[in-house]
Amino acid sequence: MKNDILFTPFNIGKLSLKNRFVMTPMETGMAGFDGRPTELLTDYYLQRVRGGTALICTGICRVNNIHGASTPKQLSLVHNSSIPSFQMMNDRIHGEGGKIAVQLHHPGRQNYSALIGIWPMVEVFSKIPGFSKIFSPIVKSFAFLEEKIYAPPVSAPSAIPCGHVKQKTRAFKTWEIRSLVKDFVKAAVRAKRAGFDAVELHAAHGYLIQQFLSPYSNRRTDEYGGNFENRLRFIKDIIEGIRQECGSDYPLIVRLTVEEFIPEDRDNRGITLELGVQIARALEELGVDALDISSGSYEQTNKWLETVNYKAGWRKYLAAAVKREVNIPIIAANLIRSAEQAVTQIEEGTQDLIGLGRPLLADPELPRKIKEGREDEISRCIVCCQCYESLLTNAWLGKPLRCSVNPTLSVIRKESQKSEGTVVVVGAGAAGLQASLSLKKRGFHVVLFEKNSEPGGQILLADKAPDKEKLGWCIDDLIQSVTDAGVDIRRNTEVDAEAILDESPDAIILATGGVPIKPPITGVSLDNVYTFDEILSGSRFPENGETIAVIGSGLTGLETAEYILSKGKKVMVVEMADNAAPGAHFQHRDEALECLEKENALIHTSMKLTEIREKSILLENTRNHEKKEFAADAVVLALGSRPLNELEKELNGFAGEVHVIGDASGIGRIADAVEQAYKLAVRLAV
Ligand SMILES: Cc1cc2nc3c(=O)[nH]c(=O)nc-3n(C[C@H](O)[C@H](O)[C@H](O)COP(=O)(O)O)c2cc1C
Ligand code: SF4
């Protein structure tokens, strides 16, 4: 059968895996403040084991409490006392036929002063009930004091700050490095005692071990720097220590960045693929059992955690280059987004094991669905990076990450109560579709009205920007699930209150989305004025215009600008704030701005649109209030949307529950809409 190779057993040293699926490490923010696994985290792993993943790798696990904490709710193997709780988790995973490795980690310079030195105290105070509520204010006050009085530096091989976190950085003393080696080894010993099937050393994504390996971040002149052999010494000492303490056959994996993607104009290119392969060969000689090939660092985040515009498999050449040179198993999470791609990458010799990160956040049952020939039932990861973005913000609030397509990612799954009522849902965007699906699963009779021929709402626009087609998968997959579930979808049907009530609903859900904002500016009604939705949907386009002004540089504005550029027009982006893409997650901002720069688009920041004319626009500088006219043949307004919810008033007299969700209740992200819809659907009682 076409996917059989994915389900052939494979060994990493003495570790036998039932198939080729490996969940690569992903920090989730689901551990306790004390670094122990929680019921939520255990349930999350168990779901993936039951879904057919052969090997689970935990997210980053702390080995040092003073300078080694990277995020508030990560795992920790700093204390012997936490071994029993890990043991309990691992027993349950083994009980379901799963295997689990722990990723040992130290952030080095990719860390924040606010996390230095506080962890022993956090562990003590975390025993206080309600600690998670006071954690965030405590860290904020520490950060404030550090800014005003003293910020402890983060620690690294050399005193070179990471260009992304930009923290004061000091170099480890030689004795500290030796002590750190012991920290890693002790953590590995605890891991083995706790029943982990393997340990993985995190030598990727710019963290400490990579910092030692890379000539970009390691400028030491002692035995831990200066030449290849010395830069390798830190990981070599750790590996030898683990071998000595855990035995020569305890499975040991290294996750390795083999290409840092440092821009070509820099003098020091750090780890290039050639050096990466050399390191891989050295690790094989040191007796490592498998390599998990990755790339990048925090300075090049999109090279290890791609945004939507990257092509599936774009960096598979990295794993292939290593595989040609070593004889140990190769794992790689190289943007694999289909079974066909996974099969090809094994068959062509790119890798032995299929590393999946986000696809398993999006759908924990992905391997099983492939095995059972139900690939069309998979909720595909749309590479929107909401999981990572939410992790970065939620971690400081003591909350876990979330996913745009899987509203159950961070909840312990329970069967919802069955029901038999009728619910009318109006609007088949992400919110309406998700609500319909979750309600149908509970047994409701669901009628879903959509005024357009194609369901999807605003996401249909988002996926029209160049290389963003993966975003549309979430709608395709929801439509498939909703159809399979038997929801009565009525397309091309714009309803009023009467039509809704004709269905005799017990409850009504309004998910009618939003409409673009058109501010009352002079000239806004001219023919040369467009809204972003008109451009992206193709309903109107300034074919004859040469220079197009896009007003607003939020993500929608930047994506609209990219779309217009792809049609061969010149683009000028106008932004009132002092920086482009205010409020946008840095990964999306960096990609969009790079694209605009390549295409020579002009970006005017601190400029407010005050008037639109036939062939120009008038902008006011928000700092000095000077006004200036710029030539523009057409103007595209990308100033966001406002909720569209006119039906609620019309339904005032309805005796049952009326709920407004998604953009109709307040403009938000896909994840907001899907989460809100799911939460409503599981609690709705009629
Ligand atoms: C939320 C999130 C957290 C991650 N945390 C880790 C981590 O703790 N350790 C690690 O090595 N990689 C981490 N990664 C990277 C993934 O393991 C994986 O390499 C990356 O997401 C690319 O693969 P994918 O496209 O299959 O997701 C993380 C990724 C995400 C999305
Ligand atoms: S949040 Fe987006 S990128 Fe992350 S797993 Fe979900 S769909 Fe994929």
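Helices (H or I, at least four residues) and strands (E, at least two) are DSSP runs, numbered from the N terminus. The model is a predicted one, in which local features need pLDDT of at least 70 and side-chain atom pairs count only at pLDDT 80 or more, while totals for chains, interfaces and linings use all residues. Residues are numbered from 1 along each chain as its sequence is written, and side-chain values use heavy atoms, with hydrogens and water left out.

**Exercise 1.** Locate glutamate 498 in the secondary structure, classify the residue as buried or exposed, and name the surface patch that includes Glu498.

*Solution.* Step 1: glutamate 498 lies in helix H17, which covers residues 497-501. Step 2: the classes are buried (under 20% relative accessible area), exposed (over 50%) and partly exposed in between, with a 1.4 Å probe and protein chains only. Glutamate 498 has a relative accessible area of 57% and is therefore exposed. Step 3: patches consist of residues with over 30% relative accessible area and no salt bridge, like charges being joined within 9 Å and nonpolar side chains (Val, Leu, Ile, Met, Phe, Trp, Tyr) within 5 Å. Asp and Glu count as negative. Glu498 belongs to a negative patch together with Glu494, Asp496, Asp502, Glu646 and Glu650.

**Exercise 2.** State how many salt bridges the structure holds, then examine the pairs formed by arginine 62, arginine 255 and lysine 464.

*Solution.* Step 1: a salt bridge requires a side-chain nitrogen of Lys or Arg within 4 Å of a carboxyl oxygen of Asp or Glu. The structure holds 40 salt bridges.

Step 1: arginine 62 pairs with glutamate 123, their closest N and O atoms being 3.3 Å apart. This pair links distant parts of the chain, 61 residues apart: arginine 62 sits in strand S4 (residues 55-62) and glutamate 123 in helix H3 (residues 119-125). Arginine 62 is buried, at a relative accessible area of 0%, and glutamate 123 is buried at 9%.

Step 2: arginine 255 and aspartate 292 form a salt bridge with an N to O distance of 2.8 Å. Here strand S10 (residues 252-257) holds arginine 255 and strand S11 (residues 290-294) holds aspartate 292, 37 residues apart. The values are 5% for arginine 255, which is buried, and 1% for aspartate 292, also buried.

Step 3: lysine 464 meets aspartate 463 at 3.1 Å, N to O. Aspartate 463 is buried at 17%, whereas lysine 464 is partly exposed at 37%. Step 5: shared partners join Glu365, Arg368, Glu372, Arg374 and Glu377 into one salt-bridge network.

**Exercise 3.** Count the aromatic pairs and determine the geometry of phenylalanine 7 with phenylalanine 21 and of phenylalanine 212 with tyrosine 224.

*Solution.* Step 1: rings of Phe, Tyr and Trp (its six-membered ring) pair if their centres lie within 6.5 Å; planes under 30 degrees apart count as stacked, over 60 as edge-to-face and the rest as tilted. The count by this rule is 15 aromatic pairs.

Step 1: the ring centres of phenylalanine 7 and phenylalanine 21 are 5.5 Å apart with planes at 45 degrees, so this pair is tilted. Both phenylalanine 7 and phenylalanine 21 are buried.

Step 2: for phenylalanine 212 and tyrosine 224, the centres are 6.2 Å apart and the planes stand at 70 degrees, so the pair is edge-to-face. Phenylalanine 212 lies in helix H6 (residues 208-213), and tyrosine 224 in the loop between H6 and helix H7 (228-246). Phenylalanine 212 and tyrosine 224 are both buried.

Step 3: ring pairs also link Phe33, Trp119, Phe131 and Phe135 into a cluster.

Key:
Chains are lettered from A and ligands numbered from 1 in the order in which they are written. Accessible areas come from the Shrake-Rupley method with a 1.4 Å probe; for residues, only the protein chains shown count as cover. The place of a charge is taken as NZ of Lys, CZ of Arg, CG of Asp or CD of Glu.
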